[in-house]
Amino acid sequence: MGRPGSLRADDHSAFEQIVEQHAPAVYRICAGLMGARHGDADAEDAAQEVFTRVFTGLPGFKGESSVSTWIFRIATNVALTRVKRRRSRPRAQALVDEPNEPRAGPQDALAAQERREAVRRAVEQLPEEQRAVVVLRGFEGLSFEEVAQVLGILRPTAESRMSRAKERLRGLLGDFMKDPD
Amino acid sequence: MDLDSLFHEARPEVPEGLAARLIAGARSAEAQRRIFWADVERTGRRALAVAAAAAVITVGLAVSMVVSATAPDNTRTASLVEITVQAQLEKYLESP
């Protein structure tokens, strides 16, 4: 995870570089934690909030952690705050259908889409603390050390949360895991 | 398929042109205003919760102080019971 030396809010090209580098991961973290479907405007809106906070927070960033850790922590907090706020309100439906797999046949694309939807629903059923670890580790591929830094927990805690989450997901996704594909 | 492959496949797809929209949006005064008011609202809600908790504790303390000030003296009641029991016991022991 990167650690640029001096970052200033008025350094527009540095900010642009940060957004370009982190936007996909931030979007996936927000979408994963919020259980958003493809095209769901909520995830992009959350990502927008993250980068607005990054933009306004850059002058105060002291570099105690890497920029990535700082941004992913903001993303996790923003997404989980929105999940809590949304509990009292019904969630908006997906605006756009999942796109087809570019190189797969219609049957394969349908099966892949079904699997993605099943994983999304299963991850949504996890407690927030486990979901955060699954999204950061499983979707984003962060190391346990990085996951622990982002969530402000110890590495063994991150590992045990992942292990409990996987146990639960194996139960929920059993049928898809038996698939020889 | 193992879980890690399922996770990889299920990664949310990033919409096209996202970074450009985010860069423009982050600098807009409107987005910064929205975040400012969201923070104000959150801080206000937290302050309200703290004030409510403080009010509950204050009322609880006041009630317990009033109850302890107006309630009969338990020590005295206990000694009266003790004297009565002792007298009854002596009477019982003295009786043939």
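How many aromatic pairs does a search of the whole structure find over all chains? The search finds 4, a pair being rings of Phe, Tyr or Trp (its six-membered ring) with centres within 6.5 Å.

This is a predicted model, in which local features need pLDDT of at least 70 and side-chain atom pairs count only at pLDDT 80 or more. Residues are numbered from 1 along each chain, and side-chain values use heavy atoms.

**Exercise 1.** Determine how α6(A) and α7(A) are arranged.

Step 1. The axes (lines fitted to C-alpha atoms over the stretch in contact) of helix α6 (residues 144-151) and helix α7 (residues 155-172) of chain A come within 8 Å and cross at roughly 105 degrees.

Step 2. Therefore α6(A) is roughly perpendicular to α7(A), the class for angles of 65 to 115 degrees.

Step 3. By class, their contact has 5 nonpolar, no polar and 3 charged residues.

**Exercise 2.** Identify the side-chain partner of B:E9 in a polar contact.

Step 1. B:E9 is found in helix α1 (residues 3-9) of chain B.

Step 2. Its side chain makes a polar contact (donor and acceptor N or O atoms within 3.5 Å) with the side chain of A:R115, at 2.8 Å.

Notes: Chains lettered and ligands numbered in written order. Helix = DSSP H or I, 4+ residues; strand = E, 2+ residues; numbered from the N terminus. Phe/Tyr/Trp six-rings, centres within 6.5 Å; stacked < 30°, edge-to-face > 60°. Axes fitted to C-alpha atoms, helices over the stretch in contact; angles between N-to-C directions. Parallel < 35°, antiparallel > 145°, perpendicular 65-115°, else oblique. Nonpolar A, V, L, I, M, F, W, Y, C, P; charged D, E, K, R; others polar.
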